[in-house]
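Please examine the sequence and the structure shown below before reading on.

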Amino acid sequence: IIGDENDWPGVKRALVNLQTDIESVTTKKPELVWQIKSSDYVIIAGTLCKSRWIDQLINDKKINVDQIRNQWDGFLVKVVDKPMPGIKRALVIVGADKRGTT
């Protein structure tokens with residue numbers, strides 16, 4: 001799970017909760033990191049304009065957030081192939097605001 005340490009505190013808590021939930025279901029605890037790390041499959045989650053990883057995906061035209069921009073509690077969930085160097089596929093979770101991300 002990849003997040004950004006500069007995202008909202010509640011979003012960072014939600015990522016820890018996601019990590020715990022995945023472990024509860026699979027008995028395997030995924031690593032939670034704040035930097036891009038090479039891996040075949042990852043979850044990248046964050047808030048528009050608060051997560052540099054989400055903003056990079058937008059700038060690189062890997063995701064289009066026009067449908068959620070400026071929406072209260074808006075979110076987008078999308079699978080992205082080769083979102084960044086060293087990553088084969090990512091489940092990307094983007095919130096228009098902190099509540100949309102969590």
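A residue is called buried when its relative accessible area is under 20%, and exposed when that area is over 50%. The model described here is predicted.

**A residue in a loop**

Ser-51 belongs to the loop that joins β1 (39-47) to α2 (52-59). Because its relative accessible area is 0%, Ser-51 counts as buried. Leaving aside residues up to four places away in sequence, Ser-51 is in contact with Asp-4, Asp-7, Ala-45 and Gly-46.

**The sheet**

Strands of a sheet pair through backbone hydrogen bonds, and this pairing is either parallel or antiparallel. In this model, 3 strands form an open sheet in the order β1-β3-β2, and the pairing is mixed. The edges are taken by β1 and β2 (75-81); each has a single partner strand, so one side of each has no neighbour in the sheet. From one strand to the next, the twist averages 10°.

The pairing of β1 with β3 (residues 87-95) is parallel and extends over 8 bridges. Within this pairing, Ile-43 has Leu-91 of β3 as its bridge partner. The helix α2 packs on the sheet, where it touches β1 and β3, and its direction makes about 105° with that of β1.

As for pairs of aromatic rings, the structure holds 0.

Conventions
Residues numbered from 1 in each chain as written. Predicted model: local features only at pLDDT ≥ 70, side-chain atom pairs only at ≥ 80, totals over all residues. Heavy atoms only, no water. Helix = DSSP H or I, 4+ residues; strand = E, 2+ residues; numbered from the N terminus. Buried < 20%, exposed > 50% of the residue type's maximum accessible area, 1.4 Å probe, protein only. Contact = heavy atoms within 4.5 Å. Phe/Tyr/Trp six-rings, centres within 6.5 Å; stacked < 30°, edge-to-face > 60°. Pairing = 2+ DSSP bridges. Axes fitted to C-alpha atoms, helices over the stretch in contact; angles between N-to-C directions.
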